[in-house]
Structures are given as structure tokens and as C-alpha cells.
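Please look over the chain shown below. A short briefing on its fold, confidence and selected local features follows.

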Amino acid sequence: MNKRERGSTIMRVLDILDQIASADRPVTATELNDGLNLPKATAHRICNQLEQQGYLQKRLDGKRYMPGPRLQTLAVGVLSHSRHRAQRHAILMSLSRDIGETCNIAYPDGSQMVYSDRVETQWPLRLQFPVGTRVPLHCTASGKLYLSSLSRQMRTGITANLDLSAETINTISQPERLLQELEMVRETEVGVDNEEFVDGMIALAVPIKDSQGRFYSAAAFHAPVVRMALESARAYIPRLQQAAHELSLLINE
């Protein structure tokens, strides 16, 4: 293979990854072929290879592709080591000072949310979830916020297959009830954890969006109920949204 051919193949791979990463829904190899004007066999071959390497993964229908775990890890790694890392952490620190509680950023990865940045409160009573910690979708503020951002069809399909284990007495473990909750979260764009993940802890989350207005990650804070009731925590939603907006500006520069 000469240099021209090798470069052409690399560009095709990058074009496919770019198309899938920027699409607002999973896409088929045929749709990629139509959008990039690639030979049909080439699009299918590259997608299969990227899937085998973990950069793409198929939906349950086995036809549509979406970002795989390696591509998601790559994206988060770039963000974590970008020139905006210090600014992002400073925004979280300012938010934590104003609220007085632990604040974090979390992104979706499969059936879980993963903490990518975090600032701990100075209070001695606190729950520590280090960067890299994975938490469920169905009973966390950030997880429910992410689920609410998906189309109704995707929400229904994912909820039907999630492990809705009850972490506390308040955990919503019935798919129908969870879907109703997600509809309310979608309207308000505020995820709420009312002692659903950990007994005695509440949390609120709002979306950090990309330049196209799509969910990118979540900005959130949590607090023990002995220090802050849920209704009192809602007073900080505007401050949380301000921080999420500032974070959105960073990723969209």
C-alpha cells in the first residue's frame, strides 16, 4: 500500500468516527456510506474493524453503530488533559464554595455514569466518590438526567433492560415509574436523587451541552440530608446551571 492509499484509508476511518460522534442518534453503515460517499463494502469493512477494536459498538438491533468504550475513553482523556482542565476544575471549585457541598462532573459510559472531575466539600461528614467511580443510571441525579436526554424510544428500550436494583427504599425500581420520572426530568432539565442511591444523601444535576445543544455530561452536587434538605438544595439550581453553562463554553471553544 503506497502513502496515498494509506492516507486515504486513515481519512476514511477518521471521517466515519467523526460522523458517528457528531450524529444525534446511532447510524447504520449504509447511512455512513451515503453521507461520506464511500463504497458500500468499504463502509461496512471499516465499521466492522472499528467495532472489533472497541471504537464503535452496535445497538441491540445489531444494525446501528454508536461510539464504543474505547472512543468514549479517548474523548474523556482528551478533555481531561486539555488546556481547559485547570479552568474546568476552577469552575467546580467555585461552585463547591458557593454551595458548600461536593460537586462533580459525570459522563455516560454504557449503563453507568463515570465521574471525570470532582471537588470535595470541606465538611467532615461527606461521601467520597473518586474520579473514575462508576454509578448507576436509574438512581442517580446525573444518570436520570442523561437518560432523559435520549429519545423516548431509546429511553424505553434502555430502561427495559437496565438492572433497576433497589439501592435504598426510595430507589425507583419499576420501569414504568422510572419512565414517568424521566419525562419530568426532561421537562425541567434537572436530575434529582432523593435518597435513591445512598440513604441520607440527595443530589441535583444539570446538563453540560455541546455546541449543538446535545447532552455532553452532567454537572452535579450532592449533600447529606442532615445538612441540606432537597427543597433547600433546589435553591442552588440557578448557580448549578451557571456553572454548567461555563463548562459548556469550555468544551465548545
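How many helices and strands make up the secondary structure of the protein chain? The secondary structure comes to ten helices and nine strands, where helices (H or I, at least four residues) and strands (E, at least two) are DSSP runs numbered from the N terminus. This is a predicted model, in which local features need pLDDT of at least 70, side-chain atom pairs count only at pLDDT 80 or more, and totals for chains, interfaces and linings use all residues. Residues are numbered from 1 along each chain as its sequence is written, and side-chain values use heavy atoms, with hydrogens and water left out.

**Confidence**

- The mean pLDDT (the predictor's confidence in each residue, from 0 to 100) of the protein chain is 85, and 88% of its residues reach 70 or more.

**Whole chain**

- Of the 253 residues, 44% count as buried, on a scale where buried means under 20% relative accessible area, exposed over 50% and partly exposed in between (1.4 Å probe, protein chains only).
- The accessible surface comes to about 13400 Å², and 52% of this belongs to carbon and sulfur atoms; areas come from the Shrake-Rupley method with a 1.4 Å probe, and for residues only the protein chains shown count as cover.
- Of the contacts between residues at least 6 apart in sequence, 54% join residues at least 24 apart.

- Three strands form an open sheet in the order 1-3-2, with antiparallel pairing; two strands pair if DSSP finds at least two bridges between them.
- Strand 1 (27-28) and strand 2 (56-58) are the edge strands, each pairing on one side only.
- Strand 2 and strand 3 (residues 64-67) run antiparallel and are joined by three bridges.
- Lys58 stands opposite Tyr65 in strand 3.
- Thr28 is found in strand 1 and counts as buried because its relative accessibility is 18%.
- Beyond its neighbours within four places in sequence, Thr28 is in contact with Lys63 and Arg64.

**Helix 1**

- Met11 lies in helix 1 (residues 3-22) and, with a relative accessible area of 45%, is partly exposed.
- Ile10, Met11 and Leu14 make a nonpolar surface patch of about 280 Å².
- Patches are made of residues with over 30% relative accessible area and no salt bridge, like charges being joined within 9 Å and nonpolar side chains (Val, Leu, Ile, Met, Phe, Trp, Tyr) within 5 Å.
- A salt bridge is a side-chain nitrogen of Lys or Arg within 4 Å of a carboxyl oxygen of Asp or Glu.

How values were computed:
Contact means heavy atoms within 4.5 Å.
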